[in-house]
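The sequence and the structure are shown first, and the description follows.

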Amino acid sequence: MNTDDTRGLLEEIDVYIEELFEPSDEVLKAALRDSRRAGLPEINVSPNQGRLMQLLAETAGARRILEIGTLGGYSAIHLSRALPEEGTLISLEIDEHHAGVARKNVERAGLSGIVEVRVGDAHKLLAALIEAGEGPFDVIFIDADKESYPEYLDASLRLVRVGSLILGDNTIRGGTVLDPQEETARSTREFNRRVAEDPRLYGIVLPLIRERIDGLTIARVM
Ligand code: SAH
Ligand code: DHB
Ligand code: MG
(Lines give C-alpha, C1' and ligand atoms only; values in the text may rest on other atoms or scores of the structure.)
(Ligands and ions follow the chains in the order given, each with its own letter.)
Protein backbone atom coordinates (compact mmCIF):
# COMPACT_ATOMS: atom_id res chain seq x y z
CA MET A 1 0.00 0.00 0.00
CA ASN A 2 1.45 3.42 -0.85
CA THR A 3 1.32 6.46 1.40
CA ASP A 4 -1.78 7.97 -0.24
CA ASP A 5 -3.74 4.72 0.13
CA THR A 6 -2.72 4.53 3.77
CA ARG A 7 -3.86 8.11 4.40
CA GLY A 8 -7.20 7.39 2.73
CA LEU A 9 -7.67 4.34 4.91
CA LEU A 10 -6.70 6.24 8.08
CA GLU A 11 -9.29 8.91 7.29
CA GLU A 12 -11.96 6.29 6.66
CA ILE A 13 -11.17 4.69 9.99
CA ASP A 14 -11.43 8.07 11.75
CA VAL A 15 -14.84 8.73 10.13
CA TYR A 16 -16.02 5.22 11.01
CA ILE A 17 -15.18 5.77 14.69
CA GLU A 18 -16.74 9.24 14.65
CA GLU A 19 -20.02 8.03 13.19
CA LEU A 20 -20.09 5.04 15.48
CA PHE A 21 -20.02 7.11 18.67
CA GLU A 22 -21.37 10.54 17.75
CA PRO A 23 -23.95 10.32 14.98
CA SER A 24 -25.57 13.68 15.77
CA ASP A 25 -24.53 15.86 18.66
CA GLU A 26 -26.39 19.03 17.73
CA VAL A 27 -24.69 21.25 20.31
CA LEU A 28 -21.21 20.33 19.11
CA LYS A 29 -22.24 20.67 15.46
CA ALA A 30 -23.73 24.10 16.15
CA ALA A 31 -20.53 25.16 17.90
CA LEU A 32 -18.47 24.27 14.84
CA ARG A 33 -20.99 25.87 12.47
CA ASP A 34 -21.07 29.18 14.36
CA SER A 35 -17.28 29.18 14.78
CA ARG A 36 -16.93 28.81 11.01
CA ARG A 37 -19.50 31.55 10.36
CA ALA A 38 -17.63 33.87 12.70
CA GLY A 39 -14.49 33.32 10.64
CA LEU A 40 -12.53 31.31 13.19
CA PRO A 41 -9.85 28.96 11.82
CA GLU A 42 -10.95 25.31 11.77
CA ILE A 43 -8.25 24.07 14.11
CA ASN A 44 -10.43 22.65 16.89
CA VAL A 45 -9.77 19.10 18.10
CA SER A 46 -11.56 16.41 16.09
CA PRO A 47 -14.77 14.85 17.47
CA ASN A 48 -12.87 11.65 18.27
CA GLN A 49 -10.13 13.52 20.10
CA GLY A 50 -12.74 15.53 22.00
CA ARG A 51 -14.38 12.28 23.05
CA LEU A 52 -11.03 10.82 24.11
CA MET A 53 -10.23 13.87 26.25
CA GLN A 54 -13.67 13.84 27.85
CA LEU A 55 -13.12 10.18 28.69
CA LEU A 56 -9.69 10.93 30.19
CA ALA A 57 -11.08 13.79 32.29
CA GLU A 58 -13.95 11.60 33.52
CA THR A 59 -11.55 8.77 34.33
CA ALA A 60 -9.38 11.22 36.27
CA GLY A 61 -12.47 12.25 38.28
CA ALA A 62 -11.77 15.84 37.31
CA ARG A 63 -13.46 18.70 39.18
CA ARG A 64 -11.21 21.54 38.01
CA ILE A 65 -9.86 21.79 34.46
CA LEU A 66 -7.58 24.40 32.88
CA GLU A 67 -7.44 24.89 29.12
CA ILE A 68 -4.82 27.01 27.35
CA GLY A 69 -6.26 28.11 23.96
CA THR A 70 -10.07 28.31 23.75
CA LEU A 71 -10.81 29.16 20.08
CA GLY A 72 -14.60 28.66 19.69
CA GLY A 73 -14.96 26.50 22.79
CA TYR A 74 -15.28 23.16 21.01
CA SER A 75 -12.75 21.30 23.18
CA ALA A 76 -13.99 23.21 26.24
CA ILE A 77 -17.49 21.78 25.69
CA HIS A 78 -16.10 18.25 25.50
CA LEU A 79 -13.89 18.67 28.58
CA SER A 80 -16.48 20.43 30.73
CA ARG A 81 -19.01 17.69 30.02
CA ALA A 82 -16.72 15.49 32.11
CA LEU A 83 -17.24 17.76 35.13
CA PRO A 84 -19.80 17.52 37.91
CA GLU A 85 -22.31 20.38 38.29
CA GLU A 86 -20.09 22.21 40.78
CA GLY A 87 -16.99 21.70 38.59
CA THR A 88 -14.99 24.47 36.92
CA LEU A 89 -13.21 24.81 33.60
CA ILE A 90 -11.08 27.91 33.12
CA SER A 91 -10.03 28.50 29.51
CA LEU A 92 -7.41 31.06 28.47
CA GLU A 93 -7.70 32.88 25.14
CA ILE A 94 -5.74 35.82 23.74
CA ASP A 95 -8.27 36.77 21.06
CA GLU A 96 -11.35 38.69 22.24
CA HIS A 97 -13.36 37.64 19.17
CA HIS A 98 -12.59 33.94 19.70
CA ALA A 99 -13.54 34.27 23.37
CA GLY A 100 -16.88 35.86 22.46
CA VAL A 101 -17.76 33.08 20.03
CA ALA A 102 -16.71 30.49 22.64
CA ARG A 103 -18.90 32.03 25.36
CA LYS A 104 -21.95 31.82 23.07
CA ASN A 105 -21.21 28.19 22.13
CA VAL A 106 -20.71 27.30 25.79
CA GLU A 107 -23.96 29.04 26.71
CA ARG A 108 -25.93 27.06 24.13
CA ALA A 109 -24.36 23.88 25.49
CA GLY A 110 -25.78 24.79 28.91
CA LEU A 111 -22.29 24.98 30.39
CA SER A 112 -21.85 28.66 31.19
CA GLY A 113 -22.13 27.92 34.92
CA ILE A 114 -19.04 25.72 34.64
CA VAL A 115 -16.88 27.34 31.96
CA GLU A 116 -15.05 30.62 32.46
CA VAL A 117 -13.18 32.09 29.47
CA ARG A 118 -10.38 34.48 30.48
CA VAL A 119 -9.07 36.84 27.82
CA GLY A 120 -5.37 37.66 27.66
CA ASP A 121 -1.94 36.29 26.88
CA ALA A 122 -1.73 32.84 28.46
CA HIS A 123 1.79 33.58 29.77
CA LYS A 124 0.39 36.39 31.91
CA LEU A 125 -2.84 34.62 32.82
CA LEU A 126 -0.91 31.52 33.93
CA ALA A 127 1.40 33.65 36.07
CA ALA A 128 -1.69 35.22 37.65
CA LEU A 129 -3.26 31.81 38.31
CA ILE A 130 -0.05 30.65 40.02
CA GLU A 131 0.26 33.90 41.97
CA ALA A 132 -3.35 33.73 43.17
CA GLY A 133 -3.01 30.07 44.17
CA GLU A 134 -5.89 29.02 41.90
CA GLY A 135 -4.50 25.53 41.45
CA PRO A 136 -4.40 22.65 41.60
CA PHE A 137 -6.19 21.61 38.43
CA ASP A 138 -7.02 17.95 37.84
CA VAL A 139 -6.57 18.24 34.06
CA ILE A 140 -4.65 20.85 32.05
CA PHE A 141 -5.07 20.92 28.27
CA ILE A 142 -2.35 22.86 26.41
CA ASP A 143 -3.47 23.94 22.92
CA ALA A 144 -2.37 27.56 22.26
CA ASP A 145 0.72 28.91 20.42
CA LYS A 146 3.02 25.97 19.83
CA GLU A 147 6.23 28.00 20.37
CA SER A 148 5.29 28.38 24.03
CA TYR A 149 4.60 24.72 24.84
CA PRO A 150 7.79 24.27 26.94
CA GLU A 151 6.90 27.37 29.00
CA TYR A 152 3.28 26.26 29.32
CA LEU A 153 4.53 22.93 30.63
CA ASP A 154 6.61 24.69 33.30
CA ALA A 155 3.63 26.79 34.35
CA SER A 156 1.33 23.75 34.31
CA LEU A 157 3.66 21.86 36.64
CA ARG A 158 3.03 24.62 39.20
CA LEU A 159 -0.73 24.20 38.88
CA VAL A 160 -1.16 20.45 39.38
CA ARG A 161 -1.14 17.82 42.14
CA VAL A 162 -0.10 14.17 42.14
CA GLY A 163 -2.56 12.35 39.89
CA SER A 164 -3.37 15.33 37.65
CA LEU A 165 -3.24 14.94 33.87
CA ILE A 166 -1.39 17.27 31.52
CA LEU A 167 -2.48 17.00 27.88
CA GLY A 168 -0.72 18.65 24.93
CA ASP A 169 -2.35 18.93 21.51
CA ASN A 170 -0.61 18.88 18.12
CA THR A 171 2.55 17.20 19.31
CA ILE A 172 3.24 15.20 16.15
CA ARG A 173 2.36 17.90 13.61
CA GLY A 174 2.20 15.74 10.52
CA GLY A 175 5.49 14.13 11.53
CA THR A 176 7.43 17.42 11.41
CA VAL A 177 8.56 16.84 15.01
CA LEU A 178 10.71 13.95 13.76
CA ASP A 179 13.07 16.37 12.05
CA PRO A 180 12.06 19.93 13.00
CA GLN A 181 12.75 22.60 10.38
CA GLU A 182 10.77 25.41 12.02
CA GLU A 183 10.21 26.80 15.50
CA THR A 184 6.75 25.29 16.11
CA ALA A 185 8.01 21.78 15.41
CA ARG A 186 11.15 22.40 17.49
CA SER A 187 9.09 23.58 20.47
CA THR A 188 6.63 20.70 20.35
CA ARG A 189 9.52 18.23 20.06
CA GLU A 190 11.13 19.92 23.06
CA PHE A 191 7.80 19.69 24.94
CA ASN A 192 7.58 15.95 24.25
CA ARG A 193 11.19 15.41 25.30
CA ARG A 194 10.61 17.26 28.59
CA VAL A 195 7.48 15.23 29.30
CA ALA A 196 9.42 12.03 28.61
CA GLU A 197 12.42 12.98 30.77
CA ASP A 198 10.69 14.70 33.70
CA PRO A 199 10.73 12.32 36.68
CA ARG A 200 7.52 13.96 37.93
CA LEU A 201 5.62 12.80 34.84
CA TYR A 202 4.61 9.47 33.36
CA GLY A 203 3.39 9.91 29.81
CA ILE A 204 3.01 8.94 26.20
CA VAL A 205 2.54 10.65 22.86
CA LEU A 206 -0.53 9.20 21.18
CA PRO A 207 -0.52 9.56 17.38
CA LEU A 208 -3.98 10.60 16.15
CA ILE A 209 -5.61 10.67 12.75
CA ARG A 210 -7.37 13.71 11.35
CA GLU A 211 -6.93 15.44 7.98
CA ARG A 212 -3.31 14.82 8.67
CA ILE A 213 -1.54 12.83 11.30
CA ASP A 214 -1.06 14.65 14.56
CA GLY A 215 -0.75 13.62 18.18
CA LEU A 216 -1.86 14.15 21.77
CA THR A 217 0.68 14.03 24.57
CA ILE A 218 -0.83 12.55 27.73
CA ALA A 219 1.06 12.79 31.01
CA ARG A 220 0.14 11.94 34.58
CA VAL A 221 1.77 13.76 37.46
CA MET A 222 3.48 11.19 39.69
N1 SAH B 1 -8.71 24.17 22.08
C2 SAH B 1 -9.42 24.64 20.89
C3 SAH B 1 -8.47 25.06 19.80
C4 SAH B 1 -7.48 26.13 20.21
S5 SAH B 1 -6.68 26.84 18.79
C6 SAH B 1 -10.30 23.49 20.39
O7 SAH B 1 -9.77 22.39 20.21
O8 SAH B 1 -11.50 23.70 20.18
C9 SAH B 1 -5.51 27.84 19.59
C10 SAH B 1 -6.07 29.09 20.29
O11 SAH B 1 -5.03 29.63 21.09
C12 SAH B 1 -6.50 30.20 19.32
O13 SAH B 1 -7.82 30.59 19.59
C14 SAH B 1 -5.52 31.33 19.62
O15 SAH B 1 -6.10 32.63 19.52
C16 SAH B 1 -5.11 31.03 21.05
N17 SAH B 1 -3.81 31.59 21.43
C18 SAH B 1 -2.70 31.71 20.65
N19 SAH B 1 -1.70 32.27 21.35
C20 SAH B 1 -2.17 32.48 22.60
C21 SAH B 1 -1.62 33.04 23.78
N22 SAH B 1 -0.35 33.49 23.83
N23 SAH B 1 -2.40 33.11 24.88
C24 SAH B 1 -3.67 32.67 24.87
N25 SAH B 1 -4.25 32.13 23.77
C26 SAH B 1 -3.52 32.05 22.66
C1 DHB C 1 -2.99 24.63 14.51
C2 DHB C 1 -3.26 24.80 15.86
C3 DHB C 1 -3.96 23.84 16.54
O4 DHB C 1 -4.23 23.93 17.86
C5 DHB C 1 -4.43 22.70 15.88
O6 DHB C 1 -5.11 21.79 16.60
C7 DHB C 1 -4.17 22.53 14.53
C8 DHB C 1 -3.45 23.51 13.85
C9 DHB C 1 -2.23 25.66 13.79
O10 DHB C 1 -1.88 26.69 14.40
O11 DHB C 1 -1.97 25.48 12.62
MG1 MG D 1 -4.77 22.05 18.68
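This is a predicted model: local features need pLDDT of at least 70, side-chain atom pairs count only at pLDDT 80 or more; totals for chains, interfaces and linings use all residues.

## A pair of packed helices

On the H6 side, the contact is formed by Ala122, His123, Leu126 and Ile130, which meet Glu151, Tyr152 and Ala155 in H7. Sorted by class, the contact of H6 with H7 comprises five nonpolar residues, one polar residue and one charged residue.

## The chain as a whole

The secondary structure of the protein chain consists of eight helices and seven strands. The radius of gyration is 17 Å, close to the 17 Å given by the globule rule for 222 residues, so the chain is as compact as a globular protein of that length. Along the principal axes, the C-alpha atoms fill a box of roughly 55 × 40 × 30 Å.

Of the 222 residues, 49% count as buried. The accessible surface of the chain amounts to about 11,100 Å², and carbon and sulfur atoms account for 53% of this surface. Among contacts with a separation of 6 or more, 70% are made by residues 24 or more positions apart.

## Alanine 185 in helix H8

Alanine 185 is located in helix H8 (residues 183-197). Is this residue buried or exposed? The relative accessible area of alanine 185 is 0%, and a residue counts as buried under 20%, so alanine 185 is buried.

Leaving aside neighbours within four places in sequence, alanine 185 is in contact with Arg173, Thr176, Val177 and Pro180. Alanine 185 and lysine 146 are 39 residues apart along the chain, and their C-alpha atoms are separated by 7.9 Å.

## Serine 91 in strand S2

Serine 91 has its place in strand S2 (residues 88-93). This residue is buried, with a relative accessible area of 0%.

Which residues does serine 91 touch, not counting those up to four places away in sequence? They are Glu67, Gly69, Thr70, Glu116, Val117 and Arg118. From C-alpha to C-alpha, serine 91 and isoleucine 140 are 9.7 Å apart in space, while 49 residues apart in sequence.

Methods: Residues are numbered from 1 along each chain as its sequence is written. Chains are lettered from A and ligands numbered from 1 in the order in which they are written. Side-chain values use heavy atoms; hydrogens and water are left out. Contact means heavy atoms within 4.5 Å. Helices (H or I, at least four residues) and strands (E, at least two) are DSSP runs, numbered from the N terminus. Ala, Val, Leu, Ile, Met, Phe, Trp, Tyr, Cys and Pro count as nonpolar, Asp, Glu, Lys and Arg as charged, and the others, Gly among them, as polar. The radius of gyration is taken over C-alpha atoms; the globule rule is 2.2 Å times the number of residues to the power 0.38. Buried means under 20% relative accessible area, exposed over 50%, partly exposed in between (1.4 Å probe, protein chains only). Accessible areas come from the Shrake-Rupley method with a 1.4 Å probe; for residues, only the protein chains shown count as cover.
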